[in-house]
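Please open the model in the viewer and keep the sequence panel beside it.

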Amino acid sequence: MALPTTDIRTDLYDDAEQWSLDELRARQLERLQATVRSSYENVPHYRAKLEADGVHPEDIKSLDDLQLLPFTTKADLRANYPFGMFAVPREKVVRVHASSGTTGRATVVGYTAGDITTWASIVARCIRAAGGRPGDIAHVSYGYGLFTGGLGAHYGAEHLGCTVVPASGGNTEKQIQLITDFKPRIIFITPSYFLSMLDTMEKMGVDPREASIKIGIFGAEPWTEAMRAEIEERADMHATDIFGLSELMGPGVAQECVETKDGPHVWEDHFYPEIVNPLTDKPVEDGQTGELVLTSLTKEAMPILRYRTRDLTQLLPGTARPNFRRMAKITGRTDDLMIVRGVNVFPTQIEEIILGIDGLTPHFQCVLSRPKRMDELTVKVEASPGVPESAYEGMAREVAHHIKSRIGTSAKVVVMPQDGIERSVGKARRIVDERSL
């Protein structure tokens, strides 16, 4: 399949993208030392943690000394709700964002005016890496408000010089009409919602391959190479991966380059990555799978030391941006791991199986239950339009067989007609846990 051509111009790189590796490492150390100093002097939580471990800012003499620093978890942020992690007076914080809290408390992040400018410049870099250029129209389908996605993409696109359509999530038919009328070249959206949008386009008689969108910047949830292939085939566009999290900044921590599409490059001039063994908390070598840990290097309002992202991935050598390491596709999260009768199961493993079977769509849910005191996994998945119901049972048996042979656990599989799985305009709800109901 021949995808649309993209304008790959290295003269559009910013200064940091052209630093030598030695210069990058020197800047990282300088920025790490400043971050640790600010955290120690201005954030009581970090001062207490560092003093308890007998660590002082002057102890950070090399990047290897990062391991002396404490981890930061989402629980730490909630314990210091709302503004306890700020390193500047609240009056210097020009914006707050927050992620939803399952325990009633959100995780709050703050930004100085300088942070907002930095964030916009990072996202602009992401758009350029994805193939976007000044003057492009960018359709933003990430949610606005306290969620960082919409405003992060919005400010970054404006910083680059794009025309922004702030569509936000939902109202899918209206969004399709805007895409038809305004003809954006770029879309920011979650991959699961975009697949739902493609379904709606086809129902409306709109051919996605004839639409104006040629670059998709997809984030906020894990997705597979099979999903990328489906999106690119159905929509005749480039699908690239953006990674970020509100605790570090928002979207823009890492971005896949359109010329290689081999995993997001981490913008290491702003975020220092590590991979640790989630069981031992010890760092592992590049190329080994573990939990991604990130330290902010340039944040003013709310510096973060060694944040436990819970995302499982690897760090790999850079390609399109050689001095910035890449993240492998996220294979799951330590907190979305399903343990079914002693077997570790991630939704991405289920997705890979489903996408390998003709007649099934990527719309699925994993339902956990506990009848008769034993955990059971039920996988609900939608059939493609036009597949007769008489084929459902055979496809269900095939999925169940592959789950058993590849993952090692038994699962009940239910194939459903189109629209049998509730759609989400944000992150897809892949796991439904009924065991505590």
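Select H270 to begin; this residue sits in the loop that links β9 (265–266) to β10 (271–276). Helices and strands are DSSP runs numbered from the N terminus, with helices being H or I of at least four residues and strands being E of at least two. The model is a predicted one, in which local features need pLDDT of at least 70 and side-chain atom pairs count only at pLDDT 80 or more, while totals for chains, interfaces and linings use all residues. Residues are numbered from 1 along each chain as its sequence is written, and side-chain values use heavy atoms, with hydrogens and water left out.

Is H270 buried or exposed? H270 has a relative accessible area of 10% and is therefore buried; the term means under 20% relative accessible area, against over 50% for exposed and in between for partly exposed (1.4 Å probe, protein chains only).

Next, display the surroundings of H270. Leaving aside residues up to four places away in sequence, H270 touches T118, I122, R125, T295, S296, L297 and T298. A contact here means heavy atoms within 4.5 Å.

Now select β10, where six of the six residues are buried. On one side are F271, P273 and I275, and on the other Y272, E274 and V276; these are all buried, and both faces of the strand are covered.

R370 has 44% relative accessibility and so counts as partly exposed. Draw a C-alpha to C-alpha distance from R370 to H270: the two are 45 Å apart in space and 100 residues apart in sequence.

Finally, show the entire chain. The protein contains ten helices and 21 strands, and its C-alpha trace spans about 70 × 55 × 40 Å along the principal axes. Of the 437 residues, 54% are buried. Among contacts between residues at least 6 apart in sequence, 66% join residues at least 24 apart.
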